[in-house]
Number of protein chains: 2
Amino acid sequence: MTQLEIMGAKAKEAARFLMTAGAKKDDALMAIARALRANSAKIIEANNIDIENGKAAGLTDSLLDRLRLDEGRIDGMADGVEQVAALSDPVGRVLEGRTLKNGLKIEKVTVPMGVIGIIYEARPNVTSDAAALCLKAGSAVILRGGKEAINSNTAVAGVMCAALEEAGFPQGCVSLITDTSRQSATELMQLTEYLDVLIPRGGAGLIKSVVENAKVPVIETGVGNCHVYVDKSADIDMAANIIFNAKTSRPSVCNAIETVLVHADIAKEALPKIKAELDKKNVEIRGCERTAEILGDCVVPATENDYAIEFLDYILAVKVVDSLDDALDHLAKYSTGHSECIVTSDYESANIFTESVDSAAVYVNSSTRFTDGGEFGLGAEIGISTQKLHARGPMGLNELTSSKFIIRGNGQIR
Amino acid sequence: MTQLEIMGAKAKEAARFLMTAGAKKDDALMAIARALRANSAKIIEANNIDIENGKAAGLTDSLLDRLRLDEGRIDGMADGVEQVAALSDPVGRVLEGRTLKNGLKIEKVTVPMGVIGIIYEARPNVTSDAAALCLKAGSAVILRGGKEAINSNTAVAGVMCAALEEAGFPQGCVSLITDTSRQSATELMQLTEYLDVLIPRGGAGLIKSVVENAKVPVIETGVGNCHVYVDKSADIDMAANIIFNAKTSRPSVCNAIETVLVHADIAKEALPKIKAELDKKNVEIRGCERTAEILGDCVVPATENDYAIEFLDYILAVKVVDSLDDALDHLAKYSTGHSECIVTSDYESANIFTESVDSAAVYVNSSTRFTDGGEFGLGAEIGISTQKLHARGPMGLNELTSSKFIIRGNGQIR
């Protein structure tokens, strides 16, 4: 057995314990939160090594900021774990049930996934966030973070494992892969005998690598080429306001918009107002020819590629379309199925858009920035699924469970 | 673009039409049913070629029987399509919803998967069964049947496509891959740009190949190493009756049992009665040493492998265990997570078993043969999932849908 297979076998064994651990899970989570706070100095010390290594490796300031842990952030991680403990148990909910004609009583009940793998990048807080959610959902978790955060992750995982052991939980409930080579990631993606699901959390490159290489079931998360379509009947001020918010409130996240489509009938009036808003944050506009005709030289000519990518920056692609149908065609071609919005005052346009757009979250007259587990009221979020299997959109604790049928009889045969 | 990519692109285009086709789907299904009946002679002619080829290739009688179509079976296929048309639409169900504090109205609604791939073996009836279910669920379907049935499948798919075209449906709603090479199957498994989910229907070899090679999301189906555990408090006559039914009513199917575990305290009394039942169908018993001590020379010594495989035949592995815990350990090691049963009269044993066994269907005092979409009241069945993601156990129309969030506002920004 490889080292990872040994880790997988231990996790699978731990999963059997967790499956019926009930409220003991909450005690363990509270112990983890306490241990994180009590060991903050040790964690910060380890984090300092990552920060120094990161500086030496020339990481950008924003990456260094994501990587950095201090008292406040560790306190926030502990708070997060406590909040997960306070949520109701997603395991054991009866989803449906009935009595069959032959007297069999059948019910469909939520159960833990078993062993969940999480592959993520340079944010060490994911180590405790993801572990807490998986534990609460009754699953063992195998974590594989980015190499930039390896010292921090090792420290955080060590603290969590010690707390779990003290709470009487078996080894293997939480495991961290400390080998950060590409090969260890690939091996995790193919650990079919032990892994029930793998959730990658990161950028487009990571997601693509997982889709290419994984043999275990995967939930794809995150990539969002999101759109606002301004219908001919739109309230223009509302449209400008939503576009400004969806583009500039946090351009680096997946629910920020990348392209605005404007109906030709309203473009002459709407585009200057939209631009006036975007100018407040110096957003670069990459537009089609008709956009340039209306807005003038400030418009950078948009290429095909500009409609396809996530800028994740103060850049917005703009296209004038002749109809709602043309907007739907554009979305069918370029959307990554994350979040799209129509701004309209027309009842039928709103209905057609919500019914026809094939994305995880479809908005009428509101910002795509709401696509988030917290905003949707899910309590916590493990990621945002952009695939159609199992979970779509923000995933909370419920999406980390599976189900089984329990059938009770008194001798029935078929 | 390869031929399969062209097929995928057409299917994706057709999926846009199907997404909002509503009750028109039922009209199309009724047209397909009529067309199957009207063209039965043509389908039987094509099927005769497959049967002749199959005989020449030395297919077993049972395989030839699965392959054979006659008037009655084609009528059955048409009936099946009509039954699917009569089911309620799985698309557009509101799964949950609420109004957030900021006034946003959010709901989670079922939507079609998009494009579904089905890989199957030599049963030509799957061609119409699977296509009908996918269409009803609002998805386009790409079918890839076994080479033994290629002429029958081509005829059935041709009749369906003609009926769909006449009903005004676009090309691409139903496609059949006529290249039955291994390579075409692999290409389908990796058609990530066009396929939203792939469902293999067949034996362990097919499932394994899909898990090894697929890059698209997959729902694993079918492999069932199912068990009955006879607790020390069991009603022995009930246990013998359930074991006889679960082993012999149809040994070739996935919900038939392969191993019986018997509590040591009851083994001496129970095993002879169980054997007496099984003798009616000359079931071979492969047992542990303790089983052989009780039942004598008729017992073939069981190997490790006998506990791991599906016999799919009149063969049963038997093991005497010392406790419920030992039974649970055995299941954790050998079960494929399909269906398991406890026979018991003890309240606590029943609870522990249903809570601790990690299988799609967990039974108390009833035959595992009930694990079936029809028996569970799902209306129709596309397969039985043995994975934990998305669907587990018998899958009906609902399991062929995804969901999306629709959020309605009046200008909300974050």
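A salt bridge here is a side-chain nitrogen of Lys or Arg within 4 Å of a carboxyl oxygen of Asp or Glu. Helices (H or I, at least four residues) and strands (E, at least two) are DSSP runs, numbered from the N terminus.

This is a predicted model: local features need pLDDT of at least 70, side-chain atom pairs count only at pLDDT 80 or more, and totals for chains, interfaces and linings use all residues. Residues are numbered from 1 along each chain as its sequence is written, chains are lettered from A and ligands numbered from 1 in the order in which they are written, and side-chain values use heavy atoms, leaving out hydrogens and water.

**The interface of chain A and chain B**

- Contact (heavy atoms within 4.5 Å) links 74 residues of chain A with 74 residues of chain B.
- The size of an interface is often given as the accessible area lost when the parts come together.
- Here the buried area is about 6100 Å²; the term means the accessible area (1.4 Å probe) that two parts lose on being put together, summed over both.
- Carbon and sulfur atoms give 52% of that area.
- Between chain A and chain B there are 41 residue pairs in polar contact, both residues at pLDDT 80 or more.
- Strand β16 (residues 401–412) of chain A gives the most to the side of chain A that touches chain B, with 11 residues.
- That side of chain A divides into 32 nonpolar, 24 polar and 18 charged residues.
- Nonpolar covers Ala, Val, Leu, Ile, Met, Phe, Trp, Tyr, Cys and Pro; charged covers Asp, Glu, Lys and Arg; the others, Gly among them, are polar.
- A polar contact is a pair of N or O atoms within 3.5 Å; within protein, one must be able to donate a hydrogen and the other to accept it, and residues adjacent in sequence count only if both atoms are side-chain atoms.

**Salt bridges**

- The whole structure holds 50 salt bridges over all chains.
- Between chain A and chain B the count is 10.
- One pairs the side chains of Glu212(B) and Lys215(A), at 3.0 Å from N to O.

**Strands paired across the chains**

- Two strands pair if DSSP finds at least two bridges between them.
- Strand β13 (residues 361–366) of chain A runs parallel to strand β16 (residues 401–412) of chain B, joined by 5 bridges.
- Tyr363(A) has Ile407(B) as its bridge partner in β16(B).

**The sheet in chain A**

- Chain A has an open sheet of 4 strands in the order β5-β4-β3-β6, with parallel pairing.
- Its edge strands, β5 (174–176) and β6 (197–201), each pair on one side only.
- The twist averages 20° from one strand to the next.
- Axes are lines fitted to C-alpha atoms, for helices over the stretch in contact, and angles run from 0 to 180 degrees between N-to-C directions.
- Strand β3 (residues 115–120) of chain A pairs with β6(A) over 5 bridges, and Ile119(A) stands opposite Pro200(A).
- Helix α1 (residues 3–19) of chain A lies across β3, β4 (140–144) and β5, at about 145° to β4(A).

**The sheet in chain B**

- Chain B has an open sheet of 4 strands in the order β5-β4-β3-β6, with parallel pairing.
- Strand β4 (residues 140–144) of chain B is joined to β5(B) by 3 bridges, and Ile142(B) stands opposite Ser175(B).
- Helix α9 (residues 204–213) of chain B lies across β3 and β6, at about 155° to β6(B).
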